[in-house]
Amino acid sequence: MYFRGIGTALPSTRYTKAQCLEAFRNSDWYDRLDARSHLLASTVLQRDNGIESRRLAVKGLDEVFRIDPNTLAQRFRAHAPALAIQAGQRALVRAGLQADQIGAVVVSTCTGYLCPGLSGYVVEGLGLRCDVKAFDLVGQGCAAALPNLQLSRALIGSHACEHVLSICVEVSSAAMYLDNDAGVLISACLFGDGAGAAVLSGQVKPDARRVQWTDSASLIEPRQRDALMFEQRDGMLRNVLSRSVPTLAAHYAHRVLDTVLGRAGLDPHDIRAWIVHAGGRDVLRSLERRFELQAADLRYSAAMLREYGNLSSAFVYFVLEAALMDDAPDGWWWLSSFGAGFSCHGALLKVH
């Protein structure tokens, strides 16, 4: 399977962390939360937390603090299909394909729910064939990109279709929840909105760089489910984020890496580009230590995190796009995502 085209999409408005802190202090929620929460939010949004700005699907930051089930559901319904369609269209253009050449579409999200699912909106918005195979994957959190791509590979490998459109879209501002829990507040300071897409094919695009998926592995540890998850509270999604996440991410990501590289007869020094979900600054630092990497090795992940925040499942499409645009060296690339479950996935790419 080859990555034939990558596309990304973001809301038009950029908000800095300084703007977010000011909006929080001016909101009704500031008075609802205690002094410890005020200090925590101020610290996270003023220190170097690895994030400078985010794109959010709101016209003004005052909208972010309108937190009720109907408002959040409407925000997801208004923006998730539009972002998914925009990213998909850009991936099709870069792949050099027409919409009617797509045999299957796989759409992942965790920040909202629609029935019929997002795939139907993508089929309509892009003008895909009415007999296209459509799959909606929901609830896999930040890790969802790799399961999405694994399904795409299975469809291509079984000759069910020649070209698959893979999309991950998250409207994190539609999954906003605030209370005095530290994990909830930190989550509110980290996540942004966006969509990533890839056209996967059994054949490369003529006269284009080859990005080939060669092998992958997954690891799911249900005993760590409570460390990172969404729960339903008051009719809304509430993010549970524990202090153990950076350590868990590095531990399981390293196990997956060892599995795949072992099968290929490679070691980490053979990897020329690291395409890794960031999670946050502390997650990146934990990955650096566990993998014995330099900060520059994760520069694409760090750059995307700094500009866009944690885009959840869509994040690795942005990192892969950044590495390709920077003309990262040919050779073996490592693609990895992790998140709710606790789940971790990795894939070995051959780029030439």
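How many nonpolar, polar and charged residues does the lining of the second largest pocket have?

Modeller: First, the ground rules. This is a predicted model, in which local features need pLDDT of at least 70 and side-chain atom pairs count only at pLDDT 80 or more, while totals for chains, interfaces and linings use all residues. Numbering runs from 1 along each chain as its sequence is written, and side-chain values use heavy atoms, without hydrogens or water.

Now your pocket. Its lining has 13 nonpolar, eight polar and five charged residues. Here Ala, Val, Leu, Ile, Met, Phe, Trp, Tyr, Cys and Pro count as nonpolar, Asp, Glu, Lys and Arg as charged, and the others, Gly among them, as polar. The second largest pocket holds about 590 Å³ of space. It is lined by 26 residues, and Ile186, Leu190, Leu241, Ser242 and Asp282 are the closest to its centre. A pocket is an open set of points on a 1 Å grid over the protein atoms alone, with protein on both sides within 12 Å along at least five of seven lines; a lining residue has an atom within 4 Å of a point. A volume is the space filled by probe spheres set on the points, which are joined across faces, edges and corners.

Which elements build this lining? Helices H3, H7, H8 (245-264) and H9 (281-291) each give two or more residues, and so does strand S12 (331-339). H7 gives the most, with four residues. These elements are DSSP runs numbered from the N terminus: helices are H or I with at least four residues, strands are E with at least two.

Stay with H7 for a moment. Valine 184 is found in this helix. Valine 184 is buried, as its relative accessible area is 2%. Buried means under 20%, exposed over 50%, and partly exposed in between, with a 1.4 Å probe and protein chains only. Valine 184 and valine 64 lie 120 residues apart in sequence; in space, their C-alpha atoms are 15 Å apart.

Compare the largest pocket. Its volume is about 920 Å³. There are 47 lining residues, and Ser172, Ala174, Ala175, Met176 and Phe230 lie nearest the centre. By class, the lining of the largest pocket has 34 nonpolar, eleven polar and two charged residues.

The whole structure has two cavities of 30 Å³ or more. A cavity is a set of grid points where a 1.4 Å probe fits but cannot get out. The largest cavity has about 50 Å³ of space. Phe3, Ile6, Leu149, Ala198, Val316, Tyr317, Leu320 and Leu335 line it. H11 has the largest share, with three. The lining has eight nonpolar residues, no polar and no charged ones.

The second largest cavity has a volume of about 30 Å³. Val276, Leu287, Phe291, Leu293 and Leu298 line this cavity. By class, that makes five nonpolar, no polar and no charged.

Now the cysteines. The structure has zero disulfides, a disulfide being a pair of cysteine sulfur atoms within 2.5 Å. Cysteine 168 is in none, with the nearest cysteine sulfur, that of cysteine 110, 9.3 Å away. Cysteine 161 is too far for a bond because the closest cysteine sulfur, in cysteine 130, is 15 Å from its own. Cysteine 161 is buried at 11% relative accessibility, and cysteine 168 is buried at 0%.

Last, the aromatic rings. There are six aromatic pairs. Phenylalanine 24 and tyrosine 30 are edge-to-face, because their ring centres are 5.2 Å apart and their planes stand at 70°. Rings of Phe, Tyr and Trp (its six-membered ring) pair if their centres lie within 6.5 Å; planes under 30 degrees apart are stacked, over 60 edge-to-face, and the rest tilted. Phenylalanine 24 is buried at 6% relative accessibility, whereas tyrosine 30 is partly exposed at 22%. Phe24 and Tyr30 form one aromatic cluster with Phe65.
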